[in-house]
Structure formats: C-alpha cells, structure tokens
Amino acid sequence: MRPIKKYIAKGQSGNAEEQSPEAIKQRVLAEPKVQNFIAQHQDQLNDSIINKSLPTLYGYYLSQHKKDPVTRGYYPDLIMNKNAISLKFVPEDSKLIHDREIYIKRHLRLINLPDGLHDVRLSQIELTPERAEVMTRIQQFLSRYAKDVHQKGLYLSGNFGIGKTYILAGLANQVAAMDKYVVFLHVPTFIAGLSSHFSDNSVQDEVQKIANADFLILDDIGAESLSQWSRDEVLAVILQARMDNVLPTFFSSNFAMSDLADHFKETKNSIDPVKAARLMERIKSLATEVVISGPNRRHQ
C-alpha cells in the first residue's frame, strides 16, 4: 500500500481513519465508473493488478470529483494494459470542435473581408428556391474536388445583397476543413490597396501567394477601379496562373459574365478591348456562371 500513500496529497481534510490507505481504497473501488471498468475487464484483472494500479485509480477518482484546470477540455478514461490499469485524457467534443475551428481559420486567409466570415458554414445557409442551383452546384463541386483538386469553379452573379459572399464564405470554410489553403479576396479593396506594397517591393510576392493558393475566391470582381498595371500585371497574372495550373477559382460579381468585358476594357488611361477579351477568356476557362436572384437581405 506504500505507493498510494505517496500519491495522496498532503494536508487533506478529514480524520486519519477516513484518510487511511484502506479507507481511500474502498472509496476508490466504490466509485461507480471504477466498478464498471473492473466489471468490463474482470477476466484481465486480479487483486495484484488492482493494488498495483491504485494510484492510477485514485487519480481517476479525484478527476471525477474535482476538475483540474490543466486538463480542461479533456475527460479521463481508464484503459487496460497487459499488467496494469492506465489513465489517459481524451479530448471532449467541445474541445474537438474548438480545435477544428482554429484549424479551419488557419487555413483560410481573408483579405479585406470581415473576420466574421470565418464562422460561416454551408449548413447554416438558408436554402431558398433562388439558391437551389448554386447550392447543388457547390455540393457537386465538393464531391468532385474530394477526388481531384483540379476542378472548374463557379462565377456567382446577381444583384447586391442576395448572399453571394455569404455562400462563398461557407464554401471557403468547407474547403479549408479539407486541409487546403484558401484565399478569399475582396477584389475592389485589394486593388485599391496595392500601393501599400510599393514601399517594401512586396507586390509580386503577394500576387504569387494569391495565384498559387490551393483555392481562390475573388469576391465582388467588376466593382474595382483598374489601371492598366493592376489589370495586366496583377489580375491577369493571377488568373493566368490559376488557369495554367488548373487551380479552383470562384468569383462573385454584380455583373453578368457577358457584361464584365466592358468593365475590363476601360482603365483610367485607355480603352483596350483586346486585353479585356483575354481576361474574360481566363475567367470563362476557370468558372461556370450561375445566376442568383432573390431579395436584398442587407435591407431586411
């Protein structure tokens, strides 16, 4: 009985009889979960193994009656080894969920978009008749993507406030949970902020990181104000790399694809329909258009 004496913390309350090794042993063995474990493994246990394992059983007993901050998020579990009982701590469901959320956030980079989009899940998205096609297409994409990452994306077009960004946020988090690095980029704000990278010459590094992401979503394309440089040396470069490497790329826009070329051909200093047409060919190669309708939810 000497090992259990060492295990018992000094200064416990109660009289000596209540804290004697034999009394503690009886309390430990009377614990319902300990009794259940012994009953389940009675063919593997004997008095010698139980006595040898008393420190472990006592630790388990204490864990049932007093939570230890060190093991927060875990629950204790007894396991049967060859000649002894061991104690392991297993993550609780709440911890598993928490850890999973952190994992997803680390795999999804939001650029110029609200942090709250990290919390959107496809299962939360309201299924309306107007969204039936896009949600079906997304599920079909995910099914194919799980088998082969080289898949064509979708171009979600429709009016303001119908939930295009929200739907794509659910998709982004779903793909991030598949151990893929996802970039979700608000195009107008990103283009407007490119000058901030000039001072440290980091534009090309940023462009390459975006271009080479496992999965890219370009949100609100068509609302940006383009220069020849931002169109031809940034947006076109990203799209060309995505097309060359067959990397999944999704878009949202208030423009239908058929109207987007007019936006691309006119920059601050020139009109160039040829380069606009080339840009559109890349987008059409990367994505299939799905039109979404419905009420403006921002005003509800």
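Q: Is Asp179 buried, partly exposed or exposed in this predicted model?
A: In this predicted model, Asp179 sits in the loop between α8 and β5, and its phi is near 70 degrees, a positive value in a residue other than glycine. Most residues other than glycine have a negative phi. Since buried means under 20% relative accessible area and exposed means over 50%, the 49% relative accessible area of Asp179 makes this residue partly exposed.

Q: In which loop is Val246, with its positive phi, found?
A: Phi of Val246 is near 50 degrees, a positive value in a residue other than glycine. With a relative accessibility of 42%, Val246 counts as partly exposed. The residue is found in the loop between α11 and β7 (249–253).

Q: Is His118 buried or exposed?
A: His118 belongs to the loop between β3 (108–111) and α7 (132–145). Leaving aside residues up to four places away in sequence, His118 touches Lys105, Leu108, Leu110 and Asn173. Its relative accessible area is 10%, and because the cut-off for burial is under 20%, His118 is buried.

Q: Which residues does Leu168 touch, not counting residues up to four places away in sequence?
A: Leu168 lies in helix α8 (residues 164–176), and at 0% relative accessibility Leu168 counts as buried. Leu168 and Leu154 are 14 residues apart in sequence and 9.9 Å apart in space, C-alpha to C-alpha. With residues up to four places away in sequence not counted, the residues that Leu168 touches are Leu156, Phe184, Ile217, Phe250, Phe251 and Ser252.

Q: How many residues apart in the chain are Arg109 and Glu206?
A: The side chains of Arg109 and Glu206 meet in a salt bridge at 2.7 Å, N to O. This pair links distant parts of the chain, with Arg109 in strand β3 and Glu206 in helix α10 (residues 203–211), and the separation is 97 residues.

Q: In which helix do Glu133 and Arg137 both lie?
A: The side chains of Glu133 and Arg137 meet in a salt bridge at 3.3 Å, N to O. Glu133 is partly exposed, with a relative accessible area of 42%, and Arg137 likewise counts as partly exposed, at 27% relative accessibility. An α-helix has 3.6 residues a turn, so residues three or four places apart point the same way. Glu133 and Arg137 are 4 residues apart, about one turn of the helix, and both lie in α7.

Q: Which residues do salt bridges that share partners join into one network?
A: The side chains of Asp232 and Lys275 meet in a salt bridge at 3.3 Å, N to O. The pair links distant parts of the chain, 43 residues apart, with Asp232 in helix α11 (residues 228–244) and Lys275 in helix α13 (residues 273–286). Salt bridges that share partners form one network, whose members are Arg231, Asp232 and Lys275.

Q: How wide an arc around the axis do the buried residues of helix α2 cover, and why are they on the same side?
A: The buried residues of helix α2 (residues 21–30) are Pro21, Ile24, Lys25 and Val28. They are on the same side of α2 because the arc that they cover around the axis is only 105 degrees.

Q: Which element gives the most residues to the largest nonpolar core?
A: In the largest nonpolar core, which has 33 residues, Ile221, Phe251, Phe264 and Ile283 touch the most other members. The elements that give two or more residues to this core are β5 (182–186), α9 (187–192), α10, β6 (215–219), α11, α12 (257–265) and α13. With 6 residues, the element that gives the most is α11.

Q: What percentage of the residues of the protein chain count as buried?
A: The protein chain has 13 helices and 8 strands. Among contacts with a separation of 6 or more, residues 24 or more positions apart account for 74%. Of the 300 residues of the protein chain, the share that count as buried is 43%.

Definitions and conventions
Residues numbered from 1 in each chain as written. Predicted model: local features only at pLDDT ≥ 70, side-chain atom pairs only at ≥ 80, totals over all residues. Heavy atoms only, no water. Buried < 20%, exposed > 50% of the residue type's maximum accessible area, 1.4 Å probe, protein only. Contact = heavy atoms within 4.5 Å. Salt bridge = Lys/Arg side-chain N within 4 Å of Asp/Glu carboxyl O. Arc of directions from axis to C-beta. Core = buried A, V, L, I, M, F, W, Y, C linked by side-chain atoms within 4.5 Å.
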